[in-house]
Amino acid sequence: MKKSEREAYRRDYAAAKAQGKPFFPYAVYKDLIVASVAIGFVFVLAIWQPIGIGEPINPATTDFVPRPEWYFFFLFELLKIFKGDNALTPVIMATFIVPNILMVLLLVTPFIDRGRERRIWRRPIALTSGLLVIFGLAYLTQAGLEAPVGQAGAAGIELEGLDAQGEAGLEVYIANGCSSCHMIKDVGAPGPGPNLTDEGAKNRGIEWQIEHLKDPTSTSPGSSMPAFANLTDQQYDDLAVFLEGLGTEYR
Ligand code: HEC
């Protein structure tokens, strides 16, 4: 800062201070009014548009597709950008490392950007990085909105040798949330059901598979697998053929 500038600043500051008002009670009083209006607005909204209590939670549900609220779509999409052999890599990158780098950058901005210029169009770096972050978030949110809604875990099952009936069976498998208890190759939950990658090699037979799906305890006494009693005959058939093909035709 040049000497003349510094003096001009001191003069302006002293003048402003001389005619200024003290923080208490003036500023406090204004804050109080604004805060009351804001809280009142929330109250009015709560009375006018109450949020009801939703359905009771059903922990046994198999068709629930977990999706974040829209304002978390950017994180949801960020997860998909990072791929790794280790399933934890994307989670650590997208929910810890990247957001924390951005937060730290935000915190140190006043120490990096020491310029006195306050007009935004004279600060191209600040302007560009700010816009990049905003557009990045908007882009990821939009991508999250458009992402196909499906059984996120099961949709990645890749098998070779699938014929039309195998495909149909896989669809029934995905639609019924079988992946929440079973794994095929490395997609799905590791338990409580057994890994089904080589189910066909057990040679249970189509009949047995359909029986088991309709009432698991009838073929596997004490089974904790839920009964899938409401599929159509075609769906039982497709699913059973699919299961019997696992590890034999479909691998
Ligand atoms: C709530 C968890 C759960 C869900 C959901 C589930 N299963 Fe199971 N499944 C199990 C358990 C536990 C077993 C082991 C006991 C048994 O064999 O019934 C099992 C066993 C199996 C077996 C092995 C039978 C054998 O011994 O050869 C097959 C095949 C199977 N499930 C298919 C399916 C299909 C297809 C779906 C979706 C329509 C499904 N499961 C959904 C828990 C589940």
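This is a predicted model: local features need pLDDT of at least 70, side-chain atom pairs count only at pLDDT 80 or more; totals for chains, interfaces and linings use all residues.
Aromatic pairs are considered first. Rings count as a pair if their centres lie within 6.5 Å. By this rule the model holds six aromatic pairs. In one of them, the ring centres of Y9 and Y13 are 6.3 Å apart and the planes meet at 20°, so this pair is stacked. Planes under 30 degrees apart count as stacked. Both residues belong to helix α1, which covers residues 3–18. Y9 and Y13 are four residues apart there, about one turn of the helix. Y9 counts as exposed because its relative accessibility is 51%. Y13 has a relative accessibility of 48% and therefore counts as partly exposed. Elsewhere, ring pairs join W70, Y71 and F72 in a cluster.

Charged side chains also lie over aromatic rings. R204 sits over the face of W208, 4.6 Å from the ring centre. K214 is placed over the face of Y236, at 4.9 Å from the ring centre.

The largest nonpolar core has 20 residues. Within this core, Y173, I184, L239 and F242 touch the most other members. Helices α6 (164–175), α7 (206–214) and α9 (233–245) each supply at least two of the core residues. The largest share, five residues, comes from α9.

The contacts of F242 can be listed in detail. With neighbours within four places in sequence left aside, F242 is in contact with L159, L162, G166, G169, L170, Y173, I184 and Y250. Two of these partners, Y173 and I184, are also named with F242 among the core residues that touch the most other members.

Key. Residues are numbered from 1 along each chain as its sequence is written. Side-chain values use heavy atoms; hydrogens and water are left out. Rings of Phe, Tyr and Trp (its six-membered ring) pair if their centres lie within 6.5 Å; planes under 30 degrees apart count as stacked, over 60 as edge-to-face and the rest as tilted. Buried means under 20% relative accessible area, exposed over 50%, partly exposed in between (1.4 Å probe, protein chains only). A charge sits over a ring if NZ of Lys or CZ of Arg is within 6 Å of the ring centre and within 35 degrees of the ring normal. A nonpolar core is a set of buried Ala, Val, Leu, Ile, Met, Phe, Trp, Tyr and Cys residues joined through side-chain atoms within 4.5 Å. Contact means heavy atoms within 4.5 Å.
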